[in-house]
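Biologist: I would like to go through this protein with you, one question at a time. Please show it first.

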Amino acid sequence: MGRKYCLLALLFFIGVVIAEPQWYNSTDGRQYLIERAAKYNWFRANHECTRRKLQLVEIQSESKNKALVQLLKSIFGTSASLWLGGHDQFNSEISTNRPFYWSASGKIMSYSYWYPGEPNNEHNQENCVHIFAHSPKFEWNDVSCTNQYGFICEAQHSHNKYFSTLQEKHQHVVRAIKKFSESMQHEKEKVVDVVHRTRNLIAKNNNEVEQFLEAMDHKSSHNANSAEKENQHEMKHVSLQINDHINELYEQLQSATPRISNRLSHEQFEVERKIEDVLSKINL
């Protein structure tokens with residue numbers, strides 16, 4: 001019989017040790033991770049929340065406190081000792097009017113829900129805040145941080161704010177990339193169009209120069225004095241030089257067109273790649 005009770009006690013102990021805190025939803029839409037079975041001092045309770053990327057709950061308004069108390073009543077029926085995130089900065093003063101702060105945000109406790117006569121800093125050793133099990137209204141009490149209680153965790157406010165800001169910036173960057181890409185594509189099309197129109201204009205001028213040279217050859221075949229022939233020869237020489245320059249420019253534009261387009265595409269790709277590389281390192 002004794003062995004049976006020992007076995008049951010052992011199973012109960014193991015169940016308590018390996019039990020995980022549970023998530024609960026309050027009527028105001030907030031979520032809390034609540035541990036009542038396992039017991040921790042305030043520092044370990046704070047660690048248990050932190051390692052889950054949460055924080056010990058901080059209560060800065062009456063509405064939040066009412067919703068939490070309503071939730072705790074629905075879970076436990078009567079009050080239970082559970083750690084909150086409040087402390088007095090581990091003040092050694094005896095004063096019962098010392099200020100208290102919330103550990104996660106560092107903000108001073110502007111709202112409080114103390115049990116009558118608390119916080120009294122009994123024996124000058126009560127630096128941490130918990131829900132008082134002896135209060136039927138789930139009021140607060142200051143107590144030694146080494147006491148062993150359950151705890152209430154909630155989402156990290158600073159993490160949520162940072163995450164929200166980061167998401168917003170990420171969306172701005174994505175929109176900027178899209179706008180930049182569209183702008184680069186438009187500019188590339190404009191440059192290529194200008195090059196094509198320039199090439200066509202050069203080709204047209206080249207044809208006109210060739211027609212002019214043919215006309216000069218035709219004219220020079222008729223009788224002309226030596227001065228006119230010399231002028232015609234000089235004009236033909238200049239026209240040939242102009243034609244050579246035009247052909248050279250035409251060839252340069254022909255070879256430059258794909259280079260310009262490729263360069264713009266490459267620059268666009270590099271900018272997009274660098275931005276995406278930065279975004280990929282952000283854990284959203």
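Modeller: Questions and answers on this predicted model follow.

Biologist: What share of the residues score at least 70 in pLDDT?

Modeller: The score is the predictor's confidence in each residue, on a scale from 0 to 100. Residues 7-17 stay under 50, and the model has two contacts beyond four places in sequence for them. The protein averages a pLDDT of 79, and the share that scores at least 70 is 60%.

Biologist: How many helices and strands does the protein have?

Modeller: Read along the sequence, the pattern is α-β-β-α-β-α-β-β-β-β-β-α-α. The secondary structure comes to five helices and eight strands.

Biologist: What percentage of the contacts with a separation of 6 or more is between residues 24 or more positions apart?

Modeller: A contact here means heavy atoms within 4.5 Å. Among contacts in the protein with a separation of 6 or more, residues 24 or more positions apart account for 70%.

Biologist: Is Asp 88 buried or exposed?

Modeller: Asp 88 sits in the loop between strand 4 (82-87) and strand 5 (101-102). Buried means under 20% relative accessible area. Asp 88 has 2% relative accessibility, so Asp 88 counts as buried.

Biologist: With which side chain does the side chain of Asp 88 make a polar contact?

Modeller: The side chain of Asp 88 reaches the backbone nitrogen of Phe 90 at 2.8 Å, but that is a backbone atom. Leaving out residues up to four places away in sequence, Asp 88 touches Arg 98, Pro 99, Phe 100, Glu 126 and Asn 127. The polar contact with a side chain, at 2.5 Å, is to Arg 98.

Biologist: Which residues of strand 7 point the other way from Trp 140 and Asp 142?

Modeller: In a regular strand the side chains alternate between the two faces of the sheet. Strand 7 covers residues 140-143, and all of them are buried. Trp 140 and Asp 142 point one way, and the other way point Asn 141 and Val 143.

Biologist: Which residue in strand 7 is the bridge partner of His 130?

Modeller: Strand 6 (residues 128-131) pairs with strand 7 in the antiparallel sense, over four bridges. In strand 7, the partner of His 130 is Asn 141.

Biologist: How many aromatic pairs are there, and how far apart in sequence are the parts that Trp 102 and Trp 140 tie together?

Modeller: The count of aromatic pairs comes to 11. Trp 102 and Trp 140 form one that is edge-to-face, with 5.9 Å centre to centre and 85° between the planes. Trp 102 lies in strand 5 and Trp 140 in strand 7, so the parts tied together are 38 residues apart.

Biologist: Are the two rings' residues, Trp 102 and Trp 140, buried or exposed?

Modeller: Ring pairs link Trp 102 and Trp 140 into a cluster with Phe 100, Tyr 111, Tyr 113 and Trp 114. The relative accessibility of Trp 102 is 0%, so Trp 102 counts as buried. Trp 140 has a relative accessible area of 0%, and is therefore also buried.

Biologist: Which element gives the most residues to the largest nonpolar core?

Modeller: This core has 22 residues, and those with the most contacts inside it include Leu 72 and Trp 140. Strand 2 (31-40), helix 3 (62-76), strand 4 and strand 6 each supply at least two residues. With five residues, the one that gives the most is helix 3.

Technical notes
Residues are numbered from 1 along each chain as its sequence is written. This is a predicted model: local features need pLDDT of at least 70, side-chain atom pairs count only at pLDDT 80 or more; totals for chains, interfaces and linings use all residues. Side-chain values use heavy atoms; hydrogens and water are left out. Buried means under 20% relative accessible area, exposed over 50%, partly exposed in between (1.4 Å probe, protein chains only). A polar contact is a pair of N or O atoms within 3.5 Å; within protein, one must be able to donate a hydrogen and the other to accept it, and residues adjacent in sequence count only if both atoms are side-chain atoms. Two strands pair if DSSP finds at least two bridges between them. Rings of Phe, Tyr and Trp (its six-membered ring) pair if their centres lie within 6.5 Å; planes under 30 degrees apart count as stacked, over 60 as edge-to-face and the rest as tilted. A nonpolar core is a set of buried Ala, Val, Leu, Ile, Met, Phe, Trp, Tyr and Cys residues joined through side-chain atoms within 4.5 Å.
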